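Please work through the exercises below with the sequence and the model at hand.

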Amino acid sequence: MPTRHVIGFTFERQRGVDAFGGARRRPFDAEPWRLAFTPAGCDVFSASDRGGEYLVLSVAPETFARLAPGIATSHLQQFTNVADPLFTPLATGLRRATVLGAVAPRLAMETLVAATVERISVLFAAGAQRAQPERCMTSRRLKRILDHFEARLAEDIRLVDLASDTGLSECYLARTFRAATGTTLHAALMERRIARARSLIEAATRHGTRTNLAEVAAATGFSSHAHMTTAFRRMLGITPSEWMRVLASGSALEPTDHSTVG
């Protein structure tokens, strides 16, 4: 029986089968930038044949109660695939702190955990409706944007082309995307480029082949190795070279007490 509350956040689309509290297994399809919560004591089964990057934060019930004293234990109900744009920057900060592991300042991590629990408590207090994405940023439009990114990752992606793909004006697309996801189109593109770069680096490491970071940068749309390094450091707190050394040594950065990334 799980003894901790679990908060999850999708950075990439997740597809698979899950079950909560002994209920029947069911297929799920969680979009990127979606939030989930499972209270302690709730049995969970989850299997994904198409799983992307997913952040998991486990919090002891006594810690949760201390940080959110106004939420009764009886109100802690399981939910999944919830859009909450205000949670996105918290998840991004938690991922960066997790990648840094023991190097991350303890106060920074504790502050993020406190803000995360507070945000979850706000969602519970708001009731079943919770936060809703912008209506114009439908699942279909979101998928078209992400597919556009993936198909042209090494190219110069233009707002006018994204707007044409989604049938929205350029300004309206930029505004509604941020309102629905909590991040900008440019930041989302950088996420995809870094994710692809990490995948290429990790694949080369698994096969024991030499990684040419300049080639990785070119293949993922960065203007140079230096540009990719700056983006890595800004988003993850480490450089591609440091990430390569961690993978090659087989000793992943130790996560802090509270969170893991999978």
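**Exercise 1: Aromatic rings**

Both phenylalanine 37 and phenylalanine 64 are buried, where buried means under 20% relative accessible area, exposed over 50% and partly exposed in between (1.4 Å probe, protein chains only). The model is predicted: local features need pLDDT of at least 70, side-chain atom pairs count only at pLDDT 80 or more, and totals for chains, interfaces and linings use all residues. Residues are numbered from 1 along each chain as its sequence is written, and side-chain values use heavy atoms, with hydrogens and water left out.

Task: Classify the ring pair of phenylalanine 37 and phenylalanine 64.

Solution. 
Step 1. Rings of Phe, Tyr and Trp (its six-membered ring) pair if their centres lie within 6.5 Å; planes under 30 degrees apart count as stacked, over 60 as edge-to-face and the rest as tilted.
Step 2. The centres of the rings of phenylalanine 37 and phenylalanine 64 are 5.9 Å apart and their planes stand at 50 degrees, so the pair is tilted.
Step 3. Phenylalanine 37 belongs to strand E4 (residues 34-38) and phenylalanine 64 to helix H1 (residues 61-67), so the pair ties together parts 27 residues apart in sequence. Helices (H or I, at least four residues) and strands (E, at least two) are DSSP runs, numbered from the N terminus.
Step 4. Ring pairs join Phe37, Phe64, Phe79 and Phe124 into a cluster.

**Exercise 2: The sides of a helix**

Solution. 
Step 1. The expected span of a helix is 1.5 Å times one less than its number of residues. For the 13 residues of helix H4 (residues 139-151) this should give 18 Å, and the end C-alpha atoms are 18 Å apart, which agrees.
Step 2. In H4, the buried residues are Arg141, Leu142, Ile145, Leu146, His148 and Phe149.

**Exercise 3: A glycine in a loop**

Task: Is glycine 221 buried or exposed?

Solution. 
Step 1. Glycine 221 is found in the loop between helix H8 (213-219) and helix H9 (225-236).
Step 2. Its relative accessibility is 17%, so glycine 221 counts as buried.
Step 3. Leaving aside neighbours within four places in sequence, glycine 221 is in contact (heavy atoms within 4.5 Å) with Leu153, Ala154 and Arg193.
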